[in-house]
Amino acid sequence: MIDTQVDIKENDILRLSPELLNTLLKDHTLSTDKYQVNIFWATESYAHRGVGYQYYDPITIESITGDNGNVIVPRAVKSRQEQQQRSREMAEVFTPSWVCNKQNNLVDNAWFGRVGVFNTEIDNPDGTHMWIVNTEPVVFPEGKTWRDYVNENRLEITCGEAPYLVSRYDTVTGEPIPVDQRIGMLDRKLRVVGENTSTSSEWLKAAQSAYMSIYGFEWQGDNLVLAREALLYTFIDYYRAKFGKDPQLKSLLYIAYIISWNMWQMDGLKGVIPNSCSERRTVVYDLFGETETVSQCEGCKSTDIEKHNGKYALIKDWHAPKAKQKIRFIDLIK
């Protein structure tokens, strides 16, 4: 049985399937049909470990497994000093689950046209916060079906460990959250899937649609690994809750493939792979010899998102014709 603790161990994923872990590390924007490029660290937090852990180094299986199996840990497990350093350098501040719940509820209130669909928020006099789950099957408004909800696109920007999408644990306290108490946008979709399917094949097909409709991007590679792992293990959690057993490896591999496309590494202000913009040097020859000119990235200079010379991040539109499925993220926000 797969161990689904809060602090997911890459060694456990590797033992289950090297292909599975390899998929979770893939960067689809930079990879080709013949050569895989992995997401990179994009943080100095691991530079003291030496070769393979520098800012621009790719995150490899070897760098996070074996004796290195505890290199990547959730923010709640990191030292207070490292948390503060990352907050200063990358403005990394994670949101407690009760805040995520409030904001996700606002989205659902608008979609359903009523409040309290999934839970009721409780703000206690002592300043603590909680929620009480509505355990009745979700009822859908006239003109909308459960499949409409499952297929509705949702995006978490600068997602960190993706607390708005999945809530296996509170990213601030590290406290685990039981499956029936979870509040993420994907959690809600999978609850709906569980309430409206009976067989494993029905559940799998609907759950795959749910994953195809959930997106998120993040700058720092370690956070992105944690987010991808959290989405994968969320799939295991809900399948196990529904059927009392683990999903087959082939199902995990396909979900990991979806996740690797839908959770990607990107500079959210520019729409490109982080730090991929560069100066361009041009050598001009004339009667007096040669002259080198240096030009800054036009997009960085003008803040025009269409004019960066970096590598624009690609995502997948799962419902478009196959030849048109790969699209630049910035083309969605024009």
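A crossing of two helices is called left-handed if the near helix is turned anticlockwise from the far one by less than a right angle, and right-handed if clockwise. By that convention, the crossing of H9 and H10 is right-handed. The model is predicted, so local features need pLDDT of at least 70 and side-chain atom pairs count only at pLDDT 80 or more, while totals for chains, interfaces and linings use all residues. Residues are numbered from 1 along each chain as its sequence is written, and side-chain values use heavy atoms, with hydrogens and water left out. Helices (H or I, at least four residues) and strands (E, at least two) are DSSP runs numbered from the N terminus.

**Helix packing**
- H9 and helix H10 (residues 249-262) pack with their axes 10 Å apart, at an angle of about 145 degrees; axes are lines fitted to C-alpha atoms, for helices over the stretch in contact, and angles run from 0 to 180 degrees between N-to-C directions.
- On the H9 side, Arg 228, Leu 231, Leu 232, Phe 235 and Ile 236 meet residues of H10 including Leu 252, Ile 255 and Ile 259 (contact means heavy atoms within 4.5 Å).
- The residues of this contact divide into 8 nonpolar, 2 polar and 1 charged, where Ala, Val, Leu, Ile, Met, Phe, Trp, Tyr, Cys and Pro count as nonpolar, Asp, Glu, Lys and Arg as charged, and the others, Gly among them, as polar.

**Parallel sheet**
- An open sheet of 3 strands runs in the order E3-E4-E5 with parallel pairing (two strands pair if DSSP finds at least two bridges between them).
- Its edge strands, E3 (154-156) and E5 (263-265), each pair on one side only.
- Neighbouring strands of the sheet are turned by 20 degrees against each other on average, direction ignored.
- E3 and E4 (residues 214-218) are joined over 3 bridges, and Leu 155 stands opposite Tyr 215 in E4.
- H9 lies across E4 and E5, at about 170 degrees to E5.

**Antiparallel hairpin**
- E1 (residues 119-123) and E2 (residues 129-133) pair in the antiparallel sense over 5 bridges, with Glu 121 opposite Trp 131 in E2.
- The hairpin has 5 residues between the strands, and Gly 127 takes a positive phi near 90 degrees.
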